Amino acid sequence: MKYTLKEERHHRIEVRDKHGIYDAVAEGLKRDIDDLGVDTVTGVEYIQVYTLIGDVTAKEMTLIGRELLADKISQEYRLGRFKFRNSSKVHVVEIAYNPGVMDPVVDSAMKAIRDMGISSVKSLHTSKKYVLAGSITSKQASFIADRLLYNKLIQNVVTHEEGEKHLKPYLFRRVEVELAGLGDKDLIRLSKDRQLYLNLEEMRTIQAYFRKLKRAPTDCELETLAQTWSEHCKHKTMMGAVRYNGRFIKNLLKQTVVKVTEDLKKPWCVSVFKDNAGIIRFDDKNNVCFKVETHNHPSALEPYGGAGTGIGGVIRDPMGTGLGSKPVLNTDVFCFGIPDAPASKVPRGALHPKRVFKGVVSGVRDYGNKMGIPTVNGAVCFDERYTGNPLVFCGNVGIMPRKYSFKKVSAGDLIVAVGGRTGRDGIHGATFSSAELTHESETISSTAVQIGNPITEKKVLDTMLRARDLGLYEAVTDCGAGGFSSAVGEMGEDTGAEVYLDRAPLKYGGLEPWEIWVSEAQERMVLSVKPKKLKKLLDVFSSENVEATVIGKFTNDKKLKLFFKDHIVADLDMSFIHGGLPRLVRNASWKPVKEDPSKLPKHPARLDNDLMKVLSSWNVCSKEWIIRQYDHEVQGGSVLKPLSGVDNDGPQDASVNRPLLDSDRGIALSNGINPAYGDIDPYWMAASAIDEALRQITAVGGDIDKTAILDNFCWGNTDKPEQLGGLVRAAEACRDMALVFGTPFISGKDSLNNEFNTGKKTVSIPPTLLISAISVIEDCSRTVSSDMKKKGNLIYVIGMTYQEMGGSRYFIEKGFKGGVVPRVRPDLSRKTMKSLHAAIKKGFVRSCHDLSEGGLAVALSEMLFAGGLGARVDLSRMPRKKSITRDDVLIFSESNSRFLVEIEPSRNDRFKTAMKGIPMGLIGEVDDTGTMTVLGLSGKVAIQCGIDIMKDAWKKPIYKVMHG
Amino acid sequence: MAKKVRALILRTAGTNCDLETAYAFKMAGADPVLMHVNAVIEKRSVIDSSDILAIPGGFTYGDDIASGKVLANQLKNSLRNELSRFVASGRLVIGICNGFQVLVKMGFLPAVSSVPGDSIDATLSLNDSGKFESRWVYLRGPENGKCVWTRGLLPVIEMPVAHGEGKFIPKDPGVLSKLKKNGQVVFRYCDPSGNDAGYPFNPNGSVEALAGICDPGGRILGMMPHPERHVTYLQHPNWRRRGPKASGMGIGLEVFRSGVSFARKHL
């Protein structure tokens, strides 16, 4: 869309489904309106509106409407406006994107119109029109619009015929920000007013730097520093020093997570903590890389756009690792508020958890599916405290030939920007995501939120890999948080760089130089290119309609110089940008929660009802509603799907995929997370998350000695010593556990200040650590699933059960607090996992499932209903701490490092030999009764329940709240 | 030596099943040639020198406006003559998922009573569930041997679907009855025993559970399910339930073999 002064003519075309065609969009909306408590809407009609701009003839309009915009079978179009079908009372709400917000349909529609040979259409925009029939007030109509139809951060309600909204052209002016003579208060105010989110010491450091230079900084310079020094980009807390319990930790990350990887010295770790993703060896010819990160704050404000750009952004990490890898797997993990919470429980300024849930899933779905990357594994946790500040973790694995694993920028290389154009979207994302969310965030941070266009990213991917294979560039990185500033700043750290901001292709005019520099507009990559290869490189991109533009060059003066036409707008030393940040020293403290194992709820006579409650709890229940919306089979590599079993709906542990179609080598992927344990002790939460991720890898047949892990810390405000104390404990657990398990960390990320200020009080999220594991599987045909296979097979529990009920789903569902949080005994756990791996590899195990939330009861139920079989098991045969006397503890304890396995009697002896020295118990046998019978310690039935009933309880909750 | 069968696999912005489709053709003994539509428009002769045209799955141009619509529009406007000649000469076309949507929106399918491309007789629209869904389905095979892509298939086979707009709607009852009379019905969604069944067996609400159709000549096949995602046993969701000795190819490969073998013998 180019800036035009001439007022062009606007032509409207409306498209709607023909009468009698089932309109799933309108039907779904109608049910959501009923949910809001507005029951007087009798019908909803949905109309797609296209407004074409230019001197378009009526004949051309008809042609476009008939041949392109309306489906000949199911839809009808009208030049202008339709008459309403429902002639009685209607309210019309029309929603359009705000100026400057990406509308992905525009590019495709313009292309199609050009393909038709019509050149009179200069631009177009789209809007959605909803006709609500029934007797509702205008107030109710705008209530519905506000809750369901639009998000004012990116969209607006069209109130009248509008002309094209022009953004004013930019006329250059150099902006300097005077720092000399400013006192502490003024520095703080300046930081806040410009949304720099820099603290006083950092502002003073900048002031001193420019005092030495005897000049004032430009706006570009200040923004560059604020972006580079943001918590989001620099990880000031994790990389900072901490005073903790009388100890001085110089660099938290380097002394924990990074240290253990250095100590383990795994030869198959290729590149760790350096590039955009951690790289490990896959086979003789290829490496794989893995990255997981969060996109929390944007998803809180605009769930669809926030989650979409979250997955879009993390896909660009493997694309920007080494010389670029091909993305082959996606994973995602979400933490939401309670989906059926009453509206009164949702604080002002926060979206309802159900809307967040739906929007986030749609965002990940549309972006991941359209990129053609299978989303294979995930998890969802629910807790009231995530209502104002949900967590959205997105991960991606890429594969690349080994020779492309490293990059090198040299002085004289050209800086080439590839992909999407730069706009005002995503300004201040890096700094904004480092701050606390408040009930006002939606008004001050609107530019941080944006909509992605996956097809642009797919085109970039297709062409970039071609250019890589032709050897046309020397280095690549993605434009993520901080945009060009971060990408060019990092690439040119050791050389220096000059950038001509006026040469960056823009979506529309009017951007100031600093906005171009820090914009986080999506789908952009930056390449370092030898001048003699430039022409060939540009040809590759243009052959598939991808924009690529030289915006500067790398130099040898170790300076960052930014120009706008002939004006210099920034001139900073790379050493100051990257090394000038004053080191943070923070105080941390930790007060242990008293854990009392003897505190237990009243034991009911039978536990059937408790099992039903646990199975249908939000955390445990089936996530099929989500999983089915993701294409988990594209690329053809799926070997163990997220759901399988007789009816293809049983939950599996890690996913297994073959990234190369002609090889049986594979990748197992898993996630471990349990915030409920963190309320008691973040140390054991972290240990449990590692154990869980590795259990899942083991359960499918993976080897922990070929497994790498990733951390994602999401915490509240770590300026508060007790919050930071918990973070220190979690980080130390990561180090302690990974060292014994022998699993190196290869990449990680943290997101702090996950708090929501309602205006009255601050709600902090529970401390949350996600551990993601990636394991190389030698032979995918040696992997197992969790669904029980055959009547007559033996069922073993592997691993010790302890009285560890703290944070358990059983306690939470009973509303009971206290108890001991599950520990990890890493030596025994490692031994157990190694032995089980060997047994699975040898083919002794028919099915395997790890015990996690809900303990034995949930794992056994899932295995049985997934396999359509029954079983009778005896708790007295479980290996357990002798002091346990209660059935509910054995059934629902969430002790770590435990598995259920199914063994064919003919392989029993060999299986037992393979597992020698590991605590385990033969608890029963698979049968075809379709009933799960659990005998308690006294020999009496503790649970007896049909698998269909259990499956129903487990399967329905999310479908029910989402209306199918 | 047996004739080389050249399969032109067309891709563009948003295509994403191109590599596995090419791989399936290779497994079936063809020579797959993967080309971007821009390159094909520049070098049109590649169409004439191919035996098979495959339009793979994906989200071409984001499926903006409607799924497959923008690519259908482009092919109609840029390559109409070449494509018409290609099908008129009896060469083979397969459109899978998004490729099926493209063929239907170009009028190449079902073409019940006209030359392919001359009229629009059907559409594929939003699933009744209102959303994209990925799941394995059972398909009942063709009642006759007309379609050259599906000869020798078992009566009930399994493949995955993954789409948001797969509900087949014929223009009117006349089109539907011609489809049946002409023997153009290739696949219907069904339950494991091959009987008609509702959601989720019919995953999108397709009229008469239609999952795949061919043109009256039996050489152009369009289908929503993905045969290229079931070319080895490891891709089946429950290969482990067959016991530790599961092995072999997946049933989807038969589709490619059938088409390639026909092309080798007759083209």
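**Reading the model**

Reply: Leaving aside neighbours within four places in sequence, A:Ala730 is in contact with A:Pro682, A:Tyr683, A:Met685, A:Ala686, A:Phe713, A:Pro767 and A:Leu769. Two residues are in contact if their C-beta atoms, placed from the backbone, lie within 7 Å. This is a predicted model, in which local features need pLDDT of at least 70 and side-chain atom pairs count only at pLDDT 80 or more, while totals for chains, interfaces and linings use all residues. Residues are numbered from 1 along each chain as its sequence is written, and chains are lettered from A and ligands numbered from 1 in the order in which they are written.

Me: Which residues touch the most other members of the largest nonpolar core?

Reply: A nonpolar core is a set of buried Ala, Val, Leu, Ile, Met, Phe, Trp, Tyr and Cys residues joined through C-beta atoms within 7 Å. A residue is buried if 20 or more other C-beta atoms lie within 10 Å of its own, exposed if 12 or fewer, and partly exposed in between. Here the largest core has 359 residues, and those touching the most other members are A:Val418, A:Val526, A:Ala686, A:Ile690, A:Ala730, A:Cys734 and A:Leu860. Helix 24 (residues 682-700) of chain A gives this core its largest share, 12 residues. A second, separate core of 10 residues includes A:Tyr97, A:Leu301, A:Val449 and A:Ile451.

Me: How do helix 24 and helix 27 of chain A cross?

Reply: Helices (H or I, at least four residues) and strands (E, at least two) are DSSP runs, numbered from the N terminus. Axes are lines fitted to C-alpha atoms, for helices over the stretch in contact, and angles run from 0 to 180 degrees between N-to-C directions. The axes of helix 24 and helix 27 (residues 826-841) of chain A come within 10 Å and cross at roughly 15°. Helix 24 of chain A is therefore roughly parallel to helix 27 of chain A, a term for angles under 35 degrees. The contact joins A:Asp691, A:Leu694 and A:Thr698 of helix 24 to A:Ser829, A:Met833, A:Leu836 and A:His837 of helix 27.

Me: How many residues does each chain give to the contact between chain A and chain B?

Reply: Chain B gives 48 residues and chain A gives 52. On the side of chain B that touches chain A, the largest share, 5 residues, comes from helix 4 of chain B. The axes of helix 3 (residues 104-115) of chain A and helix 4 (residues 69-78) of chain B come within 9 Å and cross at roughly 20°. These two helices are therefore roughly parallel to each other.

Me: Is A:Lys214 buried or exposed?

Reply: A:Lys214 has 7 other C-beta atoms within 10 Å, and therefore counts as exposed. A:Lys214 lies in the loop between helix 6 (200-213) and helix 7 (219-228) of chain A.

Notes. Angles under 35 degrees count as roughly parallel, over 145 as roughly antiparallel, 65 to 115 as roughly perpendicular and the rest as oblique.
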